[in-house]
Amino acid sequence: MNFALSHLQLALPEIVLLTAICLVLLVDLFVTEKTRGTTYMLAQLSLVAVLLCTLATAVDKPLLAFSDMFVRDRMGDILKIFIYAITFAGFLYSKSYLKMRDISFGEFYVLGLFGVLGMMILISAHSLLTVYLGLELMSLSMYAMVALQRDSAVASESAMKYFVLGAIASGLLLYGMSMLYGVTGSLDLGRISQGVVQHKANIVLIFGLVFIIVGVAFKLGAVPFHMWVPDVYQGSATAVTLYIGTAPKIAAFAMLMRLLVDGLQPLQAEWRDILIILAIASLAVGNIVAIAQTNIKRMLAYSTISHVGFLLLGVIAGTAEGYSAAMFYVLIYSLMALGAFGMIILLSRFGFEAEQLDSFKGLNQRSPWFAFMMLILMFSMAGVPPFIGFWAKLAVLTAVINIQLTWLAIVAVLFSIVGAVYYLRIVKLMYFDTPQDSQALECSTDMRVLMSINGVLVLLLGLNPGLILSLCAEVMAK
Amino acid sequence: MFENHLLSLLIWTPILGGILVLATGGDKNSAEARALALVFSIATFVISLLVYHKFILGTAQMQFAELYDWFNFGTLRAYYHLGIDGISLPLIVLTTFTTIIVVVAGWEVIQFKAAQYMAAFLIMEGLMIGVFAALDAALFYVFWEAMLIPMFIVIGVWGGQRRVYATFKFFLYTFFGSVFMLVALVYLAQKGGNFEILQMYATPLNKNEQVLIFLAFLIAFAVKVPMWPVHTWLPDAHVEAPTGGSVVLAAIMLKLGAYGFLRFSLPITPDASHQLDWLMITLSLIAVVYIGFVALVQQDMKKLIAYSSISHMGFVTLGFFIVWAITAQQGNNIGAVMGIEGALVQMISHGFVSGAMFLCVGVMYDRLHSRMIKDYGGVVNTMPMFAAFMLFFAMANAGLPGTSGFVGEFMVILSSFRASFWYAFLAGTTLIIGAAYTLWMVKRVLFGAIQNEGVAKLQDLNRREFFVLGSLAVMVLFFGIYPAPLLEVMDASVTNLVRHIGQSKLLVPGG
């Protein structure tokens with residue numbers, strides 16, 4: 001066992017977060033109905049603390065720790081920082097929603113933070129064991145969060161579905177990992193990578209690869225492993241949907257990178273073909289089925305699936321440019337999804353869930369500013385410039401065209417035209433239809449500010465896409 | 001400091017204005033919103049006149065160039081690069097002029113969310129100028145696509161009965177076309193290392209690549225022009241759009257497609273353009289002749305003008321693509337230059353004339369809320385002033401000598417004679433068909449006995465409407481009698497373009 005004190009420093013953010021969670025958990029025991037804002041404040045504070053820790057201990061080049069089980073690199077740091085920011089914003093959006101629905105603050109925020117811890121470990125994993133540890137910590141928190149509304153039959157049903165399917169996917173992933181271990185004799189991703197080169201012809205490796213991809217595809221929600229996504233998105237409380245639909249995607253992207261790129265890069269030719277099929281299927285099913293939805297959460301679930309297809313395209317390219325495009329895509333996607341789910345929360349009031357598309361009707365007449373923010377988000381998701389979503393798509397397309405897969409780029413843009421229909425429909429409902437009730441939206445100031453920042457950021461980043469693009473490019477250039 | 005940033009000023013002034021207009025808020029402050037919109041549209045027009053004044057004739061160089069780094073990302077290297085030549089300048093001035101007209105025309109007519117209406121048009125103006133001024137393909141594409149958003153809103157919010165259908169059709173058609181162009185642009189950028197349009201002109205491409213890129217561009221631009229058979233969105237969009245939307249669509253947006261052919265298709269893929277010019281000429285002639293007949297049977301005035309627009313734009317694309325046929329026949333470039341210049345004059349003229357025709361229909365629609373020809377008749381008895389204007393614009397639409405409509409058509413027909421008698425013959429039939437559908441409509445609407453009570457109660461033009469139609473009439477007459485200012489601005493650039501596309505890219509070593 002190789003262990004040095006300096007290793008603790010690399011894992012400082014994780015350690016701090018774990019300590020903070022325990023603290024929040026303890027404090028929550030003594031919090032009364034009146035002071036339950038304390039839990040929320042503490043949860044947010046711990047995210048800020050972790051952010052500061054991550055910045056303070058940031059690394060320039062990849063460093064390994066704890067017998068090479070744990071890696072700290074620039075990609076991981078940036079992904080983590082985005083996860084903190086997105087979770088912070090998500091917690092803020094959720095506050096009033098939870099209060100109105102009497103969902104316990106303590107469990108929600110603690111589970112949310114545990115989930116973040118899981119994501120961080122997953123991102124920093126450099127061994128199959130750490131990958132699995134992080135994945136399960138993240139997933140178990142999310143299963144529990146979906147089930148938080150224990151009186152709701154729908155929520156329980158989707159929690160059950162999520163758990164059972166998630167367990168099967170984890171099982172498949174473990175099975176794949178065991179095959180890799182069997183062939184290469186190591187759990188360490190670096191050594192697996194070397195071992196794969198020696199045993200390239202071994203058919204067991206391909207089997208292992210397939211199982212691993214199935215596991216990852218499930219977590220990402222790529223077709224045909226997407227069945228859980230619409231049901232879970234629809235069944236969960238909107239605050240939980242927001243949580244599940246944003247930050248964990250970043251973590252799932254990291255898992256994809258760690259396993260396929262850090263670990264199985266030598267098998268690129270094999271996994272590329274599999275991913276192409278997954279990507280096209282996701283683009284097709286996601287975009288086409290989304291058109292038929294009347295429930296906004298379900299629609300966004302299918303939209304997620306289609307975005308995952310785009311994200312995979314970047315990885316398929318298999319070049320530094322492609323990886324950075326995919327990373328850019330996942331970061332931008334989570335920013336847009338955050339805003340979209342935030343808007344659903346905003347539209348929901350006491351005793352009313354803004355789940356149907358019709359609740360967006362006439363929003364421009366009720367609250368022009370929020371309608372405008374949603375317009376930005378929808379056009380951005382559809383990939384219309386000047387919003388940032390367009391550049392994310394363009395980056396991915398460029399990577400794909402650069403490896404001479406122009407036909408794949410054309411397939412992708414064709415499906416994005418199909419996708420434009422359902423985003424436009426939201427705009428149509430907001431702007432062209434008359435409202436069902438004329439009340440302006442009411443919300444707290446912090447939420448109003450956050451929503452505005454969220455929307456304006458999508459626009460401003462779109463005018464200056466180089467900001468995040470160059471960050472991603474720099475991280476991936478090896 | 002603004003001296004060197006005139007184009008940026010031209011793009012961002014209306015956009016900023018649009019944001020300020022939006023900030024005036026709800027319908028309470030409509031008066032302020034309108035005034036502000038007018039101020040900004042006039043300011044933009046003044047800046048464009050300044051640009052016109054400072055424009056140096058006799059050179060094909062890009063002028064008023066601005067070049068800044070925008071972003072880098074692997075092979076994606078994009079610049080904020082602006083510049084105009086003689087081809088884009090007239091279109092920019094047309095854009096700024098038309099926006100004033102649209103703002104004034106919507107003054108009292110638009111009562112619902114007037115601030116958003118005005119803001120949409122101002123922002124659209126900035127984006128359209130951006131399309132004409134962009135010299136970086138990424139920048140071009142951003143303006144090109146972003147423009148769809150305000151138009152989508154304009155048709156959808158202030159449009160007629162079937163507005164949702166029309167605006168979706170409009171958006172999806174254009175979006176569909178554009179994405180192919182995007183793939184082609186990325187491919188070109190990857191070859192050249194950046195998105196510079198002027199650099200793409202020199203990028204060597206083999207035949208196969210050229211044909212595919214040409215087709216990708218064709219889908220994008222043909223939808224926008226629109227060319228037969230991808231024109232069906234236009235009548236729907238025109239009919240359902242509010243008057244201002246129809247005017248901008250007809251006067252400027254259609255020109256964007258034609259501009260795209262000149263800026264991208266011809267210079268980047270000259271050999272493919274040459275190889276496929278028969279296709280383009282055929283499609284153009286079908287548009288001119290067939291769509292002309294379609295216009296003849298329309299019951300709805302807006303639809304009739306929409307089809308007439310498609311037919312007129314067929315002239316424009318004909319003028320662009322007969323270039324090779326002429327040079328092959330003549331051995332020099334003079335006829336080819338005239339063809340393209342005629343097409344450009346036709347674009348500008350059509351901007352004025354079709355805009356004016358839509359405004360005329362708008363004037364009647366505001367009073368009787370009908371666009372159907374059968375609901376009118378004998379309008380001249382109650383609205384003599386209006387009838388005079390409408391008749392004048394109808395004559396211009398039919399290509400009467402002395403109006404701007406004649407100049408462009410005549411130049412294109414003349415140069416197509418040098419290509420082939422049959423091109424000229426078919427194109428020439430438009431003078432008859434065009435006169436037939438326009439004048440027949442005018443006859444049924446304006447003349448004869450008063451048909452119904454509605455027409456009997458019509459009020460003639462008010463001062464605002466008189467100003468709008470009057471200023472357009474002045475432009476139509478001016479360029480009809482004295483087109484020289486227009487021609488001398490574009491001459492150097494067009495000559496240079498024709499010289500460039502005459503050179504095969506296939507001969508480039510390694511190409």
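Helices (H or I, at least four residues) and strands (E, at least two) are taken here as DSSP runs, numbered from the N terminus. On this basis chain B consists of 23 helices and two strands, and chain A of 21 helices and two strands. The model is a predicted one, in which local features need pLDDT of at least 70 and side-chain atom pairs count only at pLDDT 80 or more, while totals for chains, interfaces and linings use all residues. Residues are numbered from 1 along each chain as its sequence is written, and chains are lettered from A and ligands numbered from 1 in the order in which they are written.

The overall dimensions of each chain were computed from C-alpha atoms. The radius of gyration is taken over C-alpha atoms, and the globule rule is 2.2 Å times the number of residues to the power 0.38. For the 511 residues of chain B the rule gives 24 Å; the radius of gyration is 22 Å, close to that value, so chain B is as compact as a globular protein of that length. The C-alpha trace of chain B spans about 75 × 55 × 40 Å along its principal axes. For chain A, with 478 residues, a compact globule would have a radius of gyration near 23 Å, and the value of 21 Å agrees. The box filled by the C-alpha atoms of chain A, taken along the principal axes, is roughly 70 × 55 × 40 Å.

Burial was assigned from C-beta atoms placed from the backbone: a residue is buried if 20 or more other C-beta atoms lie within 10 Å of its own, exposed if 12 or fewer, and partly exposed in between. Buried residues make up 62% of the 511 residues of chain B and 57% of the 478 residues of chain A. Two residues are in contact if their C-beta atoms, placed from the backbone, lie within 7 Å. In chain B, 81% of the contacts with a separation of 6 or more are between residues 24 or more positions apart. In chain A, 78% of the contacts between residues at least 6 apart in sequence join residues at least 24 apart.

The two chains touch through 29 residues of chain B and 27 residues of chain A. On the side of chain B, the elements giving two or more residues are β1 (63-73), α5 (137-146), α6 and α7 (163-192). The largest share, 13 residues, comes from α7(B). This side of chain B has 22 nonpolar, five polar and two charged residues, where Ala, Val, Leu, Ile, Met, Phe, Trp, Tyr, Cys and Pro count as nonpolar, Asp, Glu, Lys and Arg as charged, and the others, Gly among them, as polar.

Helix packing was examined in both chains. Axes are lines fitted to C-alpha atoms, for helices over the stretch in contact, and angles run from 0 to 180 degrees between N-to-C directions. In chain B, α4 (residues 114-133) and α6 (residues 148-158) pack at an angle of about 155°, with their axes 9 Å apart. α4(B) and α6(B) are therefore roughly antiparallel, a class that covers angles over 145 degrees, with under 35 roughly parallel, 65 to 115 roughly perpendicular and the rest oblique. The contact involves Tyr117(B), Ala120(B), Ile123(B) and Met124(B) from α4(B), and Pro150(B), Met151(B), Ile153(B), Val154(B) and Trp158(B) from α6(B). By class these are nine nonpolar, no polar and no charged residues.

In chain A, the axes of α2 (residues 12-30) and α3 (residues 37-56) come within 9 Å and cross at roughly 170°. This makes α2(A) roughly antiparallel to α3(A). The residues of this contact are 14 nonpolar, four polar and one charged. Ile21(A) lies in α2(A) and is buried, with 21 other C-beta atoms within 10 Å. Apart from neighbours within four places in sequence, Ile21(A) is in contact with Ser46(A), Val110(A), Leu113(A), Phe114(A) and Leu117(A).

Val196(A) is found in helix α8 (residues 189-198) of chain A. Val196(A) is also buried, with 21 other C-beta atoms within 10 Å. Beyond neighbours within four places in sequence, Val196(A) is in contact with Thr184(A), Leu205(A), Leu264(A), Pro266(A) and Leu267(A).

In helix α15 (residues 323-330) of chain B, the buried residues are Val323(B), Ala325(B), Ile326(B) and Thr327(B). Their cover includes α13 (277-296), α14 (301-321), α16 (334-368), α19 (404-419) and α23 (484-502) of chain B. Gly331(B), with a positive phi near 80°, follows α15(B).
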